[in-house]
Amino acid sequence: MKTKIWLSSPHMGGEEQAFVKEAFDKNWIAPLGPNVNGFEEDLQKYNEITAAAALSAGTAALHLAMILLGVKTGDDVIASSFTFSATINPITYLGATPVLVDSESETWNMSPVLLEEAIKDRIFKGKKPKAIMVVHLYGMPAQMDEILKVADRYSIPVIEDAAEALGSKLNGQALGTFGKLGVYSFNGNKIITTSGGGALVSDDKEMIAKARFLATQARDAAPHYQHSHIGFNYRMSNIVAGIGRGQMLVLDDHIALRRANHQFYQDLFKDVVGVEVFTEPDEKYFSNHWLSCVTMDPEVCGVSREDLRLAMENENIECRPLWKPMHMQPVFADCPFYGDGTSERLFEIGLCLPSGSNMSEADRERIAAVVKTVFK
Ligand SMILES: *Cc1c(COP(=O)(O)O)cnc(C)c1O
């Protein structure tokens, strides 16, 4: 069996173990310590934002973001339907209702037009949504200018799920810094990883201080254990934060490598009619190209995305269909949905291709060989 080519696998830079070793040497084996502080500072500097809280997961950061915005049982929270379930799950942890909004076809992210339609209809039905959760899928910036205009018109705060988009920019500004709160993930398959982890960022220092408080069991200032809020055990450990500090040193390299993968696929498919490589609409958009994706119209190219996926699988090369929209998931089937078929179509014809920053020239040759046989 040929070695497996993964969709996206961890890629260490080399300095990570030095930070972890230092934590061992100084016995900072705790959910606080110099690596946690250092990693937060790195994230703040990199994204040019006032405050960051390192947490146990991106999902935990999304959960806390909604608590900080006062989301409660019975509230409506608007969210992109075309995403991973981790965007939507925390809405339900709070007993709130996910109101799912479809994508536009340029960035595959939340349609500002459908967003406004959803807000108007929810207000008409008697309830103004409490928050808007915008996702930047595969690292591609959503149309934030238009989305923020709509959100401001109705005074609804925006949370950015930038779990896949660390290092992506719109008009030169880091994703995750447009909304009231932004979320990053450092899960094993993301652009950098701490093996598992996440962060919540904001220009509102007090909100982030409150996030740290809630994430460490909401302990009031007292010599004994005193509590006046419900807390969570959501802080990042000082050990894995050391991995994060090491990974921050190679983040820009990883972005360059992922963008080179994207260029490789653009070249590979440039003469294949009916296949389109997902790319930025114009130069205002800068995607980290966390995953490179294609859409393939079987009517035009004569091959379905499943044909290509299975041909790759035969060669031990991992590809995946695009995210299955949340309104199509059995568990969210009852959620209100405002759509026009865009994400359903993307799910039908789209495929994610191997995109790791650790992909070799030999890996690319194997991938190109499969593409050449499938499209003859
Ligand atoms: C990975 C991911 C998350 C969840 O992050 P975790 O760190 O795995 O909890 C949330 N939203 C999106 C879009 C993701 O891709």
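A: Helices are DSSP runs of H or I of at least four residues, numbered from the N terminus. Here, Gly70 follows H3 and has a positive phi, near 80°. This is a predicted model: local features need pLDDT of at least 70, side-chain atom pairs count only at pLDDT 80 or more, and totals for chains, interfaces and linings use all residues. Residues are numbered from 1 along each chain as its sequence is written, and side-chain values use heavy atoms, without hydrogens and water.

Q: Why is helix H3 (residues 58-68) largely enclosed by the rest of the structure?

A: Buried means under 20% relative accessible area, exposed over 50%, partly exposed in between (1.4 Å probe, protein chains only). H3 is largely enclosed because nine of its 11 residues are buried. Among them are Leu62, His63 and Met66.

Q: Is Gln17 buried or exposed?

A: Gln17 is exposed, at 65% relative accessible area. Gln17 sits in helix H1 (residues 16-25). Its C-alpha is 9.7 Å from that of Ile239, 222 residues away in sequence.

Q: Which residues touch the most other members of the largest nonpolar core?

A: A nonpolar core is a set of buried Ala, Val, Leu, Ile, Met, Phe, Trp, Tyr and Cys residues joined through side-chain atoms within 4.5 Å. In this 59-residue core, they are Ile78, Ile132, Tyr138 and Phe186. Helix H6 (residues 144-153) gives the most to this core, five residues. Apart from this core lies another, of 36 residues, including Leu55 and Met326.

Conventions:
Helix = DSSP H or I, 4+ residues; strand = E, 2+ residues; numbered from the N terminus.
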